[in-house]
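This briefing sets out selected features of the structure shown below, grouped by topic.

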Amino acid sequence: MLRFTIALLTCCITSSLFAQTRPNLVLIIADDMNWDDCGAYGHPAIRTPNLDRLAAEGMKFQHAYLTTNSCSPSRASIITGKYPHNTGAEQLHWPLPDDSDTFVGRLKDAGYYTAAAGKWHMGDAVRDHFDKIYEASTAGFVLPSGKDGQPAKMIAAQPSGCEDWERACKERPRDQPFFLWLAALDPHREYNDGALDPPHSHDDVIVPPHLPDVPDVREDLRLYYDEIGRLDSYVGKVMRQLERQGVDDNTLVLFISDNGRPFPRDKTSLYDGGIRTPWIVRYPKKVASGTTTQALVSAVDIGATFLTMAGVENRKSFSDSSRSFAAVLNDPTKSHREYAFAEDHWHDFEDHARAVATHQYKLIRNDYVDLPATPSADAGRGLSWQAMLRLQDEGKLTEAQQACFRSPRDAWELYDLQRDPGELTNRFDDPAYATVREELQSALMKWTQRTSDYMPTRRTPDEFDRVTGEPDHSVRKRPRPSKLQMFGTNGAY
């Protein structure tokens, strides 16, 4: 009996030490938030005190990129550590294939408790990689058909998608290290008054040059700001809960977005408004407070980094594309990537493009040049796009504001991000940038070969009218068939 008691105590102590020494990991994912739309990244009016505190107590990354500009493909890439074209889920609403390997599953196998709360949007194949899932309604991001001729709207019962985040923190077991995948619906459309009290005002709004500065656009952005503010409040609730539990010092929290702002020329584009992300890490045990790093990182690196921090032995076999940036957390002066790569695939409308970015430059290759860069269907129904349609008919849009109407498009675009942060002047044919152009084209070609990227042999048709935004029910099906069902393969097609 004594031997059994000693063994039991030893087991409990070992389990407790295991939980205390290995870091807890929390990934917070905003839905459609621009990289610099918070106070931490310099916006003077959007109220984000909790994100600002997260940055003040941790490390802010200035050059962080996503691998794609679209919701579910971005999540598929993050969780697998693969580029979208390697996941089998590169188009919007395609579920991850059955044989998907995820960093979450590996954490679970290594003794971590794993839970997800909020937006899911990855299909059924990897649900068992999580011990528990608190799933938000898809009504917050999937357009229904609409009844009795009424216009369809995306309105979830839990509009923020963050309502179960704190619950997920509370209900975790206390004898295991934990990983939490906390995914918001904010600030995804659709927008309604009441997301934040008090609300932002039109005077708070900063209209980027690719959007017209008219009242409807200011109202649209104001409502978007309010949802960012609501999201921020839930970030605060999670951080306070971790602090109450006494685990915040040993918990690595990473805040990002899945893609950029849901406005024309942002989300579903390969401009910074589509693929650049806020990236804030708080981990008091390792990360010095109030630091900023210029290291170039990619969302494909999150999996390898979390496995490294957790001490998972089989990390190196996880994904050839995922590179741990753990060294940067110890020393913000360290470099990480020379290039970040991103992809554009079907999202409501057919499209295909690639991009490569450095600290200063970005090269975009547009493969379907015959098509205009129509914004996503949810943005297309918004106030901004509807205002732009009217202004385009009246001939009142600037050249920059006509980007989503232009057809044919340039096959190549090159931008100097330091001199032209709005990416308004294409330097591809400028002799002064010839060396940069050749370097980035070479880097993109080598990445294409290394990752077995390919051009589809078939285009995926539009599901919506590009002007009216009305669904094409001859094409549109829900739930959307998987890649395997549509093309007979999860690879090249």
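The residues that line the largest pocket comprise 14 nonpolar, eight polar and 12 charged ones. The model is predicted.

**Largest pocket**

- The lining consists of 34 residues, of which R265, Y271, A403, R406 and E413 are the closest to the centre of the pocket.
- Two elements, strand 11 (361-366) and strand 12 (412-416), each give two or more residues to this lining.

- When residues up to four places away in sequence are not counted, W165 touches I28, A117, G118, L182, A183, A184, L231, Y234, V235 and V238.

**Salt bridges**

- Side chains of opposite charge can pair when their charged atoms come close.
- In the salt bridge between R222 and E219, the N to O distance is 2.9 Å.
- Because R222 and E219 are three residues apart in helix 7, about one helical turn separates them.
- Both R222 and E219 are buried.
- A salt bridge also joins D367 and R365, whose closest N and O atoms are 2.7 Å apart.
- R365 has a relative accessible area of 17%; the limit for a buried residue is under 20%, and R365 is therefore classed as buried.
- E463 and R476 form a further salt bridge, with 3.8 Å between the closest N and O atoms.
- The residues E463 and R476 are 13 residues apart, and each is in the loop between helix 13 (434-450) and helix 14 (483-487).
- E463 and R476 are both buried.
- One network, joined by salt bridges that share partners, contains D31, R75, K119 and D258.

Methods. Residues are numbered from 1 along each chain as its sequence is written. This is a predicted model: local features need pLDDT of at least 70, side-chain atom pairs count only at pLDDT 80 or more; totals for chains, interfaces and linings use all residues. Side-chain values use heavy atoms; hydrogens and water are left out. On a 1 Å grid over the protein atoms alone, a cavity is a set of points where a 1.4 Å probe fits but cannot get out, and a pocket is an open set with protein on both sides within 12 Å along at least five of seven lines; lining residues have an atom within 4 Å of a point. Helices (H or I, at least four residues) and strands (E, at least two) are DSSP runs, numbered from the N terminus. Ala, Val, Leu, Ile, Met, Phe, Trp, Tyr, Cys and Pro count as nonpolar, Asp, Glu, Lys and Arg as charged, and the others, Gly among them, as polar. Contact means heavy atoms within 4.5 Å. A salt bridge is a side-chain nitrogen of Lys or Arg within 4 Å of a carboxyl oxygen of Asp or Glu. Buried means under 20% relative accessible area, exposed over 50%, partly exposed in between (1.4 Å probe, protein chains only).
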